[in-house]
Amino acid sequence: MAKLGVPAVALVTQEFWPQGDFVARSLGMPDVPRVKLPHPIAGTGTANMKAVATQVALEVIKALEGCLD
Amino acid sequence: MTDLFRAESEEAALEDLHTRGLTDGLPVVIPTPDRVSQMVLASGQEADMVLGTMGPGHGLATMEKVAVAAVMAGCLPDYMPIVVAAVKAVIEPVFDLTEMQATTHCTAPLIIVNGPARISCGPVSSGYGALGPGHRANASIGRALRLTMMNIGGARPGASDMALLGHPGKFTYCLAEDEENSPFPPLHTTLGFDKEDSVVTVIGAEAPHSVIHSGDGDDPKQHEGLLDMLAIGVANPATNNAMLSSGTATVVLNPEHAGILHRAGLSRDDIAAEICERCQHPNAELHQLSPGFAPSQAGVRKAFRSPEQLLILMAGGSGLYSMVMPSWCAGTHRNSPSSSLVDFEFACEIPVHGPGELG
């Protein structure tokens, strides 16, 4: 999506951040916008997911706005 | 006494070893006398020290012959104490090596390393892809054991190793427990060893079967579903464990699944008891599926005699998947695990040869 010019941000958990580095480099997009999430996220419950979402929402918006610069 | 072959070159030696059926089918490091001597030196023991006899060929496992296998497998000298412990473990009568090597089932010895030797004689990986490629110690230690089973024990596919198909773990099958991140005491303490001990445990195991489970932090009973899934995986009706019963099997929890069970207040023993309780099938169901193995009668058949027949450890990366290894369940000792202390009191640090040095 980012290559198509659509504002995009990848949400990547801490544990998978190095893999994110690898994929971004291999796709020729080392600076693709990414936001780091705690690990794990899946299965941690609604309350935790809402708390994480609240925590990173501003960062996600800023990353998307950065795509428009 | 180890046989000595002569060849014109390393390439010719490799082809000779392949032709003689002394490899696992992949290229090996040529076990030159110097390389083997260094590997023996690394063990800290005499070359003619006898570890025992390996079936089905009843070959004498001397330290030198084990060192030959370790060299061929690509082991660093540092790994030698673990290789020796693994050989000692499969030689123990409780492991039923002769029967295990000869069976038509696909069983292979899974090597589990616990204690300080994981680091000092490795490192033996316990994390992402520990049972896959890319971990030198895991790959070569397991391969060394297999080469001893072939070249000392005499197991040859279709002649003395009658596994109908085998499985990839028969090339190598070795990992460490992730003791540092596990919420449970290390496996070897459950087996009666001290935490400071270094221990190799071998258990005849099928290839790893994946068990998917996503936790649900909103569900206080989320651990129940995980236990159900693990039980289905390790003793579904198609396994020997369900049909023949009473053989030890292995459960490798990933960190998330271990965390779910730990937060539910379960100890390792509790987990084993919970899975054990779930691993039973109505005799009528088993009879319908396979009358030859399950007579028509009332009641249920339990896959495991007791929770002790489930080896539970934590390893692997963080995610949705744990692994279970159902087992063969036959032999005099019914697929029992065997553990051996890693003895590196006399082990020597050996410098590794650089590229091109033949020793």
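How many residues of chain B are in contact with chain A? I shall open with that point and then turn to chain B itself. Please bear in mind throughout that this is a predicted model.

On the chain B side there are 7 residues, and they are in contact with 9 residues of chain A. Sorted by class, the side of chain B that touches chain A holds 4 polar and 3 charged residues, with no nonpolar ones.

Let us now consider how chain B is divided. The domain assignment gives domain 1, made of 10-179 + 196-204 + 341-350, and domain 2, which covers 207-327. Taken over C-alpha atoms, the centres of domain 1 and domain 2 of chain B are separated by 29 Å. Where these two domains of chain B meet, domain 1 contributes 17 residues to the contact and domain 2 contributes 13 residues. On the domain 1 side, the elements that give two or more residues are E3 and E5 of chain B. The residues on that side divide into 8 nonpolar, 7 polar and 2 charged.

What are its partners? With strand E5 of chain B, residues 199-205, E3(B) runs antiparallel, and 7 bridges join the two. Within that pairing, Pro109(B) has Gly204(B) as its bridge partner. With strand E4 of chain B, residues 174-176, E3(B) pairs in the parallel sense over 3 bridges. Here Ile111(B) is bridged to Cys174(B), and Ile112(B) stands opposite Leu175(B).

These pairings belong to an open sheet of 4 strands in chain B, with the order E4-E3-E5-E12 and mixed pairing. Its edge strands are E4 and E12 of chain B, the latter at 338-341, and each pairs on one side only. On average, and ignoring direction, neighbouring strands of this sheet are turned by 25° against each other. Helix H4 of chain B, residues 80-91, lies across E3, E5 and E12 of chain B and runs at about 50° to E5(B).

In soluble globular proteins, nonpolar side chains tend to be buried together. In this model, the largest nonpolar core has 100 residues, and among those with the most contacts inside it are Ile82(B), Val83(B), Ala86(B), Ile111(B) and Ile141(B). H4(B) gives the most to this core, with 10 residues. Both domain 1 and domain 2 of chain B give residues to the core, so it lies between them.

Finally, I turn to another sheet of chain B. This is an open sheet of 4 strands in the order E6-E11-E7-E10, with mixed pairing. Strands E6 (209-212) and E10 (310-314) of chain B stand at the edges with a single partner strand each, so one side of each is left without a neighbour in the sheet. From one strand to the next, the twist averages 25°. Strand E7 of chain B, residues 249-253, pairs with E10(B) in the parallel sense over 5 bridges. In that pairing, Leu253(B) has Met314(B) as its bridge partner.

Notes: Residues numbered from 1 in each chain as written. Chains lettered and ligands numbered in written order. Predicted model: local features only at pLDDT ≥ 70, side-chain atom pairs only at ≥ 80, totals over all residues. Pairing = 2+ DSSP bridges. Domains from an automatic or database assignment. Nonpolar A, V, L, I, M, F, W, Y, C, P; charged D, E, K, R; others polar. Axes fitted to C-alpha atoms, helices over the stretch in contact; angles between N-to-C directions. Core = buried A, V, L, I, M, F, W, Y, C linked by C-beta atoms within 7 Å. Buried ≥ 20, exposed ≤ 12 C-beta atoms within 10 Å, placed from the backbone.
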